[in-house]
Amino acid sequence: MSSASEPLLGSGSTIRTRIALVYGGVFLVLGAVLLLVVNLLVLAGTDDRTDAIVARAGEGAAVEAYRIGDDISRAAGEQMFMWSCMALLVIACGAVVVGWWTAGRVLRPVHEMTARARRLSERNLHERIAASGPDDELKELGDTIDALLGRLETAFDSQRRFIANASHELRTPLATQRAAIQVGLDDDCEVRQILLDTNRRSERLIDGLLLLARSDRGLAEREDVVLGEVVVEEYEDAVVALGGGVVRGSRVLLGQLVRNLVANAVAYNVPGGVVDVRVEGGVLTVVNTGPVVPPEQVDGLFEPFRRGEGRDRMGPGAGLGLSIVRSIAVAHGGSVTATARSAAEGGGLAVTVTLPVTVTPAASSS
């Protein structure tokens, strides 16, 4: 019997169903042609025998013999046509069943390969489809997928090694540079603070790039995290409803997500502006006042190194804040959306992060 995991190749029909229907349809058409030819031949043969029988009858009985012969031919033809159609329909149904069974046998290796491929992720890329059976097209497909998985495993391992090495190799010279600036230059030196600010900005940029790369790889380990607790730790004035919900993921990365959202809302606010952080279930919303952002620029803010119009490229940010937020949310199976607020609303952005929750605690607030 077909399972829900069978691949769809049309509106609501599986490959197995279509093969069975095509098999039965072809049999039905060929069977109908065969029965039509047989009926025509039988009718022609019956007419010839009727003529022979009538020729042996006397003149007085010839008319009656013709009439009886026609009646017999018509009755025989009707009976043969009716039973032939019934037999054809029964056999056609049998052909569909045979086609269904045959297609299932042929496609079973495909279902097995699909199930194994669906279980694979970056954490178990060492596993393989390992298709068995005769050396046919299906085994060739399985071997091709295994070769692809091997290349992906090599690429992921290379990425992990690069991130680990970059984490050390990029931070070490910056730390050395910062120490040299602090020790080698007097406090009253005009360029000292400029160099230190540039050094810190480079460190933040590297940390952001490494975090973005790690979150893009997905989560190696997951734990139950109460979203409301994480948000309150990062922003004490947050309003939490329903406990914030329990999310399966990384507490460290979720904390970074909240920090980036709050830091972005504060950095791009106006003097005396407002930052509103709310959590309900698995939905985190951060709203700030600020300059009006054109709606067509909102999606671009989630791209790395993209800032809104008029933002200082040498400012404190690295242009990675919202990129990291989106990457962390996707790694947790969630999504991020942003909406530009009008001048009447105070300007700024309303950013909403939606994460899947496993448990929703009783309502509470902070």
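Beyond its neighbours within four places in sequence, T289 is in contact with Y268, N269, V270, G273, V274, R341, G346, G347 and G348. These features were computed from a predicted model. T289 is situated in the loop that lies between β5 and α7. With a relative accessible area of 14%, T289 falls under the 20% limit and is therefore classed as buried. Two of the contacting residues are approached by polar atoms of the T289 side chain. The side chain of N269 forms a polar contact with that of T289 at 2.6 Å, and a polar atom of the T289 side chain is found 2.9 Å from the backbone nitrogen of V274.

Helix α5 spans residues 227–234, and its buried residues are L227, G228, V230 and V231. Viewed down the axis of α5, these buried residues lie within an arc of 160° and so line one face of the helix. The elements against which they pack are the strands β1 (223–226), β2 (239–241), β3 (246–249), β4 (275–280) and β5 (283–288), together with helix α6.

Helix α6 (residues 251–267) also meets helix α7 (residues 321–331): their axes come within 9 Å and cross at roughly 150°. The crossing of α6 past α7 is left-handed. On the α6 side, the contact is made by L253, L254, Q256, L257, N260, L261 and N264, while α7 contributes G321, L322, I324, V325, I328 and A329. Classified by residue type, the contact between α6 and α7 comprises 9 nonpolar and 4 polar residues, with no charged residues.

Conventions. Residues are numbered from 1 along each chain as its sequence is written. This is a predicted model: local features need pLDDT of at least 70, side-chain atom pairs count only at pLDDT 80 or more; totals for chains, interfaces and linings use all residues. Side-chain values use heavy atoms; hydrogens and water are left out. Axes are lines fitted to C-alpha atoms, for helices over the stretch in contact, and angles run from 0 to 180 degrees between N-to-C directions. Helices (H or I, at least four residues) and strands (E, at least two) are DSSP runs, numbered from the N terminus. A crossing is left-handed if the near helix is turned anticlockwise from the far one by less than a right angle, and right-handed if clockwise. Contact means heavy atoms within 4.5 Å. Ala, Val, Leu, Ile, Met, Phe, Trp, Tyr, Cys and Pro count as nonpolar, Asp, Glu, Lys and Arg as charged, and the others, Gly among them, as polar. Buried means under 20% relative accessible area, exposed over 50%, partly exposed in between (1.4 Å probe, protein chains only). The arc is that of the directions from the helix axis to the C-beta atoms. A polar contact is a pair of N or O atoms within 3.5 Å; within protein, one must be able to donate a hydrogen and the other to accept it, and residues adjacent in sequence count only if both atoms are side-chain atoms.
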